[in-house]
Amino acid sequence: MPVASDQRGRPSGSPELRRVAVLSVHTSPLAQPGAGDAGGMNVYVLQTALELARRGVDVEIFTRATSSEDPPVVEVAPGVVVRNVVAGPFEGLDKNDLPTQLCAFTAGVLRAEATHEPGYYDVVHSHYWLSGQVGWLAADRWAVPLVHTAHTLAAVKNAALADGDHPEPPLRSVGEQQVVDEADRLVVNTEHEAGQLVSLHRADRSRIDVVHPGVDLQKFTPGDRQTARSALGLDGRAPIVAFVGRIQPLKAPDVLLRAAARLPDVHVLITGGPSGSSPDPRATGDRSAPDGLVHLAAELGITDRVTFLPPQSRDHLAQVYRAADIVAVPSYSESFGLVAVEAQACGTPVVAAAVGGLPVAVRDGMSGALVDGHDIDDWAKALGDMFRGSPATMRQQAIEHAASFSWEHTVDALLDSYGRAIADHRFRGRIPSSARRSGRRFSIRRGVRA
């Protein structure tokens with residue numbers, strides 16, 4: 001629920017919040033979503049930062065520089081700055097190799113803060129476990145609270161691996177546990193994700209805040225389907241199902257192609273680029289990598305019914321959603337599923353796997369349909385049933401459902417979480433050290449109860 005705020009947009013009754021240090025080590029919020037390691041997290045980081053700035057809260061985002069041409073500092077908007085920290089080689093460094101560069105990245109973050117007076121940042125918000133490792137040290141050094149958003153968990157991804165995908169390394173699971181133990185507040189997308197943190201990482205439920213991601217309701221709006229199809233060079237009469245996202249086994253675009261092969265005349269629109277962590281399809285035979293999907297379409301005999309588009313800008317992405325009759329999200333794991341909400345905001349119903357946060361993002365039977373598992377027959381039936389039932393009947397309900405998700409609502413909840421983190425942090429600072437040692441929270445870093 002929205003909270004009362006003062007004239008500067010800050011929640012009334014909360015501790016004063018002036019500036020937030022946001023950490024996004026492995027991917028820049030300025031990167032194009034749908035390619036490399038850029039996806040919903042990038043959108044989340046950038047959109048929440050912009051909304052916080054509109055509320056009068058300055059945001060500095062620290063990310064790893066991936067090109068020698070990246071300027072040290074980029075002012076995205078008034079109150080939002082991205083700092084490109086040099087840590088390791090600019091190119092050719094896989095996400096799984098980034099732990100070797102966390103020391104260098106942390107040094108860059110601490111040096112940036114050292115140019116300011118003490119107390120410059122009020123809170124640190126880290127995104128993904130790599131950032132959490134850096135945030136843990138930075139928050140401790142600056143004597144401010146750490147708020148952490150995992151976005152995905154190794155144990156959850158490993159429990160739902162697609163064929164051809166690689167499990168997350170044990171190092172990540174250990175690192176995630178450390179961050180869960182050290183963070184002052186844990187922000188999750190859904191109650192389901194909160195339950196996973198408790199069951200898998202023994203997180204304290206009282207320190208978890210559920211904050212639904214949002215959608216840009218000014219950019220993702222309903223529009224004329226024929227106009228959108230003409231802009232993309234698509235057949236104006238064919239039934240179209242679209243996939244939007246990184247091309248990797250986790251997102252399961254191959255499931256969509258196999259299901260569509262059983263639906264005569266249905267055209268498939270694949271929009272996205274290869275994931276930075278996708279295995280080489282030439283070595284694995286992976287049919288969910290970009291080249292692999294082209295070969296799979298040929299094997300299925302549907303090459304003439306499949307269109308591939310590279311990752312699109314936000315404006316062009318709205319046209320993709322409007323052009324489709326249905327958007328499919330067949331992922332094996334999704335902490336939320338921003339694509340599903342963006343599509344519905346454009347008036348396009350969604351058929352999605354009933355995993356992670358997708359049952360929240362999609363209202364089953366109203367704004368779309370949920371499919372249990374990844375059986376091809378089940379997916380073909382779900383898509384066929386929706387086409388036969390006319391997706392247009394769900395159009396208005398999809399729009400209404402998406403309207404309940406906005407970045408304004410997201411930031412309302414984030415400000416509440418930051419306020420609780422600051423208040424709790426100050427309260428603990430007033431407790432004698434002997435009393436803190438008798439508490440329940442355990443610190444891996446210090447080896448004592450803190």
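Strand S9 is mostly covered, with 5 of its 5 residues buried. The model is a predicted one. Along S9, the side chains of Ile240, Ala242 and Val244 point one way, while those of Val241 and Phe243 point the other way, and all are buried.

S9 belongs to an open sheet of 6 strands, arranged in the order S11-S10-S9-S12-S13-S14 with parallel pairing. The edge strands are S11 (306-309) and S14 (368-371), each of which pairs on one side only. From one strand to the next, the twist averages 20°. Helix H11 (residues 314-323) packs on this sheet and touches S9 (240-244), S10 (267-271), S11 and S12 (326-329). The direction of H11 makes about 145° with that of S9.

## Pairing and crossovers around S9

Strands of a sheet pair through backbone hydrogen bonds, either parallel or antiparallel. On one side, S9 is joined to S10 by 5 bridges, and the two strands run parallel. Within this pairing, valine 244 stands opposite threonine 271 in S10.

The bridge partner of valine 241 in S12 is isoleucine 326. Isoleucine 326 and Ala328 point one way from S12, whereas Val327 and Val329 point the other way; all are buried.

S12 is joined to S13 by 3 bridges, with the strands running parallel. Valine 329 has alanine 352 as its bridge partner in S13. The chain passes from S12 through helix H12 (residues 338-345) to S13, and this β-α-β crossover is right-handed.

S13 (residues 350-353) is in turn joined by 4 bridges to S14, and the two run parallel. Here valine 351 has alanine 369 in S14 as its bridge partner. S14 is one of the edge strands of the sheet.

## The mixed sheet

A further open sheet is formed by 8 strands in the order S3-S4-S2-S1-S5-S6-S7-S8, and its pairing is mixed. Strand S3 (73-77) and strand S8 (208-210) stand at the edges with a single partner strand each, so one side of each has no neighbour in the sheet. The twist in this sheet averages 25° from one strand to the next.

Within the order given, S5 and S6 (residues 146-149) are joined by 4 bridges and run parallel. Serine 126 has histidine 148 as its bridge partner in S6. Two helices that pack on this sheet are described next. Helix H2 touches S1 (19-23), S2 and S4 (80-85), and its direction makes about 150° with that of S2. Helix H3 (residues 128-142) touches S1, S5 and S6, and its direction makes about 165° with that of S5.

## Aromatic contacts

The structure holds 6 aromatic pairs. One of them is an edge-to-face pair between phenylalanine 62 and tyrosine 121, with 6.3 Å from centre to centre and 75° between the planes. This pair links distant parts of the chain, since the two residues are 59 residues apart. Phenylalanine 62 lies in strand S2 (residues 58-64), and tyrosine 121 lies in the loop between helix H2 (102-114) and strand S5 (123-127). Both phenylalanine 62 and tyrosine 121 are buried.

The residues Phe62, Tyr120, Tyr121 and Trp142 form one aromatic cluster.

Methods
Residues numbered from 1 in each chain as written. Predicted model: local features only at pLDDT ≥ 70, side-chain atom pairs only at ≥ 80, totals over all residues. Heavy atoms only, no water. Phe/Tyr/Trp six-rings, centres within 6.5 Å; stacked < 30°, edge-to-face > 60°. Buried < 20%, exposed > 50% of the residue type's maximum accessible area, 1.4 Å probe, protein only. Pairing = 2+ DSSP bridges. Axes fitted to C-alpha atoms, helices over the stretch in contact; angles between N-to-C directions. Contact = heavy atoms within 4.5 Å. Right-handed = clockwise from strand over helix to strand, strands pointing away.
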